[in-house]
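Here are my notes on this one, point by point. Have the model open while you read.

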Amino acid sequence: MLKRKIYDDLKKWKETKNKKCLIVQGARQVGKTFIIEEFGKENYEEIISINFKQTPSAIEIFSGDIDVETLILALRFRFPEKKIAPDKTLIFLDEIQECQEAITSLKFWANDNRYDVIASGSMLGIDYKRATSYPVGYVDYIKMYGLDFEEFLWSQGINEEIISSLKQLFVERKVVPDAIHSQMMKYFRYYIALGGMPEVIQCFVDTKDFREADKVQKELLQGYLYDIAHYASADEKIKAEKCFLSLTKQLLDKENHKFQYKEIEKGGKAQKYYSSIEWLVRSDIVRICNNVTNICYDLDDYIKIDNFRLYTSDLSLLIAMKDFALKGQIVENTIIGNSKGGIYECAIADILIKKGLNIRFYKNESTKKEIDFLIQQNGKVLPIEIKSSNGKGTSLNQLMEKKPEIPVAYKFIDGNVGVSDKRIVSMPLYMAMFI
């Protein structure tokens with residue numbers, strides 16, 4: 001079983017007094033069902049697990065009155081072997097977007113407060129408006145992603161003690177010993193090639209074969225395309241698929257990674273495609289990163305809505321869109337041209353997004369100044385640059401000279417730790433996991 005950080009979050013929720021129902025959100029195949037069922041088996045006497053997509057007949061349970069007493073009675077008829085006792089039974093409503101009355105029922109489960117209820121779904125962001133009464137204020141949320149880089153290291157047998165030692169080097173800005181650095185860069189390139197989808201990582205753990213993992217990646221990509229075809233409206237499905245599949249052109253095949261509609265089709269315009277992009281964002285298939293007009297807190301006040309980059313919700317999906325040869329080039333570190341910088345940028349975006357951070361970027365076309373990523377922590381802006389080598393970051397240097405209120409800037413490089421001054425720190429790419 002792959003170790004996942006969300007397991008500890010689930011335990012904290014269980015130990016909370018007067019807790020609400022819990023909704024675990026996330027894209028398809030990131031491991032929601034598996035980890036919740038394992039959590040239920042290990043922390044409750046029994047688990048009632050209903051997957052509304054696999055068992056549509058279970059929707060009948062919620063077709064009449066949805067007060068808790070009626071629902072418990074219906075569940076006991078459906079699962080006669082289960083006791084369904086307060087505090088001892090976990091009720092897990094999986095793919096809940098397929099049953100709108102089940103979504104509505106969460107309000108009543110929360111008010112009753114005798115039973116622990118977890119719901120999950122991969123398309124909640126696009127279906128919530130169809131619920132007869134969405135339970136705002138009656139549920140807590142956890143966002144789940146594919147494995148982040150630290151979880152990937154766990155899967156490869158790298159223990160927490162080693163990772164803690166690396167974190168200490170990050171905090172103290174000390175050089176990583178060469179032997180450790182080379183191994184960490186190897187694992188980082190593995191992570192870029194594989195991404196974080198649990199089924200892909202488990203395949204690689206079992207087989208140590210990148211070709212077998214590639215097959216799983218491509219199957220998952222097809223599953224995502226199926227979801228677009230299944231859930232998007234007739235007007236959106238073809239456009240949304242085109243937007244999604246254009247991401248390799250947007251991020252890997254050109255120097256400017258701004259999302260450009262002309263890469264979808266000749267003469268493509270926002271008027272035609274922007275609603276499809278919004279659908280992809282709401283469905284957790286992609287993440288949006290907006291340009292900002294000014295680098296100061298609060299970045300949201302300076303967002304340019306029509307100027308953005310799009311990243312896949314997991315690196316697995318992006319790499320699966322390309323030929324297997326790219327995977328070999330990543331692992332062997334032989335990438336050349338625009339793709340290398342684009343891949344490293346996508347990898348750092350993946351790490352930051354999976355930490356729950358809102359990412360922005362700055363690019364001024366007239367001055368040619370650009371900062372790859374901007375995040376906010378403790379009321380301060382933190383600039384981040386990504387370099388395929390330890391070259392000069394002119395824009396970053398000029399920014400830090402003009403903005404003394406920015407405490408630190410990070411330049412993540414295909415190299416080791418270095419400090420050009422007290423406020424600009426060069427770090428190996430893999431150290432982004434400690435931001």
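1. A word on burial before anything else: I call a residue buried under 20% relative accessible area, exposed over 50%, and partly exposed in between, using a 1.4 Å probe and protein chains only. By that rule Glu95 is buried, because its relative accessible area is 13%. Its phi is near 50°, a positive value in a residue other than glycine. Look for Glu95 in the loop between strand 3 (89-94) and helix 4 (100-112). Helices (H or I, at least four residues) and strands (E, at least two) are DSSP runs, numbered from the N terminus.

2. Some housekeeping. This is a predicted model, so local features need pLDDT of at least 70 and side-chain atom pairs count only at pLDDT 80 or more, while totals for chains, interfaces and linings use all residues. Residues are numbered from 1 along each chain as its sequence is written, and side-chain values use heavy atoms, with hydrogens and water left out.

3. Where else is phi positive in a residue other than glycine? Asp284 is one such place, with phi near 70°. Asp284 sits in the loop between helix 13 (270-282) and strand 6. Asp284 counts as buried because its relative accessible area is 7%.

4. Please check the peptide bond from Tyr297 to Asp298, which is cis, with omega near 0°. Asp298 belongs to the loop between strand 6 (286-292) and strand 7 (303-312). For context, most residues other than glycine have a negative phi, and most peptide bonds are trans.

5. Strand 12 (residues 418-421) and strand 13 (residues 424-428) run antiparallel and are joined by three bridges; two strands pair if DSSP finds at least two bridges between them. Which residue of strand 13 is the bridge partner of Gly418? That partner is Ser426.

6. On the nonpolar cores: I mean sets of buried Ala, Val, Leu, Ile, Met, Phe, Trp, Tyr and Cys residues joined through side-chain atoms within 4.5 Å. The largest holds 116 residues, and those touching the most other members are Ile118, Phe149, Phe244, Trp279, Phe373 and Met431. Another core, of 29 residues, lies apart from it and includes Ile23, Ala102, Ile103 and Val139.

7. Aromatic pairs next. Rings of Phe, Tyr and Trp (its six-membered ring) pair if their centres lie within 6.5 Å; planes under 30 degrees apart count as stacked, over 60 as edge-to-face and the rest as tilted. Searching the whole structure gives 19 aromatic pairs. Trp109 and Tyr115 make an edge-to-face pair, at 6.0 Å centre to centre and 80° between the planes. Phe204 and Phe210 make a tilted one, at 4.7 Å and 40°. Trp109 and Tyr115 are both buried, and Phe204 and Phe210 are buried too. One aromatic cluster is formed by Phe149, Phe152, Phe188 and Tyr191.

8. Two charges sit over rings, if you take that to need NZ of Lys or CZ of Arg within 6 Å of the ring centre and within 35 degrees of the ring normal. Lys186 lies over the face of Tyr187, 4.9 Å from the ring centre. Arg309 has its charged end over the ring of Phe361, 3.9 Å from its centre.

9. Finally, Ala325, in helix 15 (residues 324-332). Ala325 counts as partly exposed because its relative accessibility is 42%. Leu10 is 315 residues away from Ala325 in sequence and 39 Å away in space, C-alpha to C-alpha.
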